[in-house]
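I opened this structure for a first look. These are my notes, in the order I looked things up.

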Amino acid sequence: MAKAPSYVCQECGAAHRKWSGRCEACGTWNSIIEEKPLSAGPASKSLGALRGSPVALTDLATEEAPPPRTISGVAEFDRVLGGGLVPASAILVGGDPGIGKSTLLLQAAASFARNGLKTIYVSGEEASAQVRMRAQRLGLADAPVKLAAETNLRDILTTLEAEKPELAIIDSIQTMWADNVESAPGSVAQVRAAAHELTTFAKTRGVSVVLVGHVTKEGQIAGPRVVEHMVDTVLYFEGERGHQFRILRAVKNRFGPADEIGVFEMTGGGLAEVANPSALFLADREDPAPGSVVFAGIEGTRPVLVELQALVAPSPLAQPRRSVLGWDAGRLAMILAVLEARVGIPFTGLDVYLNVAGGMRVSEPAADLAVAAALLSAREDAALPRDTVVFGEISLSGALRPVTQAENRLKEAQKLGFTTAIAPAGSKFGQGSGMTLKTMADLVTFVGDTFGAG
């Protein structure tokens, strides 16, 4: 029985049973087209069985060693990948326009090629001469990387089949178009078809493929999330335009830890690695000031110390402002509510501004206590000691919950010269931290001990 065709919106990827002029999911007009199902091909032998039939896990070859990873020599890039590049893997790299995606991947391609990996860099946005000009500016003109400028997916796959590289970089997936798909380049159907063909090529030919993806206004990789499901690893290259720091963050990795980060600094000669991000983020820290608190966080497997800055000022507005940079605005509202309901410290009629210094983005709940300390410090105009770090999660009851990897946080803080830590009671600190620990059971105890109120 033939499968009925489906109708898919080219803007948001929503599927519909029948064609209509307007997509009910996103409201776009004339964006729904018919996508015919793939025809079933002849069955072929695979792993000793018919393709698509189940194979017992015990029948698979488990005695073979896992494929070795290839080290690029760019330590921060290798860290985010989980220790190096896995053969036959598909990697998706996304980021804002002009953030440095092409620069990062060109430097990584040069490093892999110098380490003996046959590499092809395919650009759909620039000519080969333009890519070569950028390589000369970065000092990579002598790297044995082959360049190509093409957008036709069939021609790209034919070239990769003939050249047989070990690494192929496609910049970008939104510029690729397949001649068997009746839609414009960059549409949902084209992006999905190109990503599927390139991922299949990577798995069947043993070639590692890196895809560059554009992002939407919301910061997500353009196209349906199915593209992220196809690939093995999804990396986001992020950073603020006003700061020279760039962070490569893994949000999905089948071959390594997720939420791992690599820190780079944008210079005139390209992206430079930052081996000690904590020292860099705290390098411009001023003398102790109200509203300034150092938070000992964990990004992936790496402890990172960042400065949280808060400003509390009287508001002339009926509804005070709540402005946040680098943290979750909803979590800030929760902490303000807990401070008022459990501790009795109101922020009514006060504008609240919170910023994570250096352009860093913090997502873990362990920053709750540091944010509360910064808010109270700004409100009471009382600075915390310069050599103090703070971390801990706040519950809605006002209790402080212990966080993971407390010992690693303390070691990183001690390495940078901090001598005192304020943390929740019950955290596992280990032995021999060498720091003065102030453990708090709840928020009331923290406020009374630190600010003399509560």
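Threonine 199 sits in helix α5, residues 188-205. Helices here are DSSP runs of H or I with at least four residues, strands are runs of E with at least two, and both are numbered from the N terminus.

Next I looked up the contacts of threonine 199, where contact means heavy atoms within 4.5 Å. Neighbours within four places in sequence aside, threonine 199 is in contact with Ala90, Met230 and Val231. I checked one of these by distance: threonine 199 and methionine 230 are 7.1 Å apart, C-alpha to C-alpha, and 31 residues apart in sequence.

A note on the source: this is a predicted model, in which local features need pLDDT of at least 70 and side-chain atom pairs count only at pLDDT 80 or more, while totals for chains, interfaces and linings use all residues. Residues are numbered from 1 along each chain as its sequence is written, and side-chain values use heavy atoms, with hydrogens and water left out.

**Overall counts**

I noted 11 helices and 23 strands. Of the 454 residues in the protein, 47% are buried. Among contacts with a separation of 6 or more, 65% are between residues 24 or more positions apart.

**The recorded binding site**

I looked in UniProt next. An unreviewed entry there places the feature "binding site" at Gly95, Asp96, Pro97, Gly98, Ile99, Gly100, Lys101 and Ser102. UniProt positions are given in the numbering used here, feature names are shortened, and annotations may be inferred rather than shown by experiment.

Glycine 98 lies in the loop between β6 (90-95) and α2, and glycine 100 lies in the loop between β6 and α2. Glycine 98 is exposed, at 66% relative accessibility. Glycine 100 is buried, at 11%. Leaving aside neighbours within four places in sequence, glycine 100 touches Phe237, Met266 and Leu271.

Then I went on to threonine 103, in helix α2, residues 101-114. Threonine 103 is buried at 13% relative accessibility. Not counting residues up to four places away in sequence, threonine 103 touches Arg134, Leu138, Gly270 and Leu271.

**Aromatic pairs**

How many aromatic pairs does the count come to? I found 4. Rings of Phe, Tyr and Trp (its six-membered ring) pair if their centres lie within 6.5 Å; planes under 30 degrees apart are stacked, over 60 edge-to-face, and the rest tilted.

Phenylalanine 77 and phenylalanine 112 have ring centres 6.3 Å apart and planes at 70°, so this pair is edge-to-face. The pair links distant parts of the chain: phenylalanine 77 is in helix α1 (residues 75-81), phenylalanine 112 is in helix α2, and they are 35 residues apart. Phenylalanine 77 is buried at 4%, and phenylalanine 112 is buried at 2%.

Phenylalanine 446 and phenylalanine 451 also form an edge-to-face pair, with 6.2 Å centre to centre and 85° between the planes. Phenylalanine 446 is buried at 0%, and phenylalanine 451 is buried at 19%.

**Nonpolar cores**

I then searched for nonpolar cores: sets of buried Ala, Val, Leu, Ile, Met, Phe, Trp, Tyr and Cys residues joined through side-chain atoms within 4.5 Å. The largest has 65 residues, and Leu375, Leu443 and Phe446 touch the most other members. Helix α9 (residues 368-380) gives the most to this core, with 9 residues. Another core lies apart from it and has 34 residues, including Ile91, Leu106, Ala110 and Leu117.

**Strands**

Last, I looked at strand pairing, which requires at least two DSSP bridges between two strands. Strands β17 (residues 322-325) and β18 (residues 350-356) run parallel, joined by 4 bridges. Leucine 325 has asparagine 355 in β18 as its bridge partner.

I also noted an open sheet of 3 strands in the order β2-β1-β3, with antiparallel pairing. Its edge strands, β2 (15-16) and β3 (32-35), each pair on one side only. Strand β1 (residues 6-9) is joined to β2 by 2 bridges, and tyrosine 7 has histidine 16 in β2 as its bridge partner.

Technical notes:
Buried < 20%, exposed > 50% of the residue type's maximum accessible area, 1.4 Å probe, protein only.
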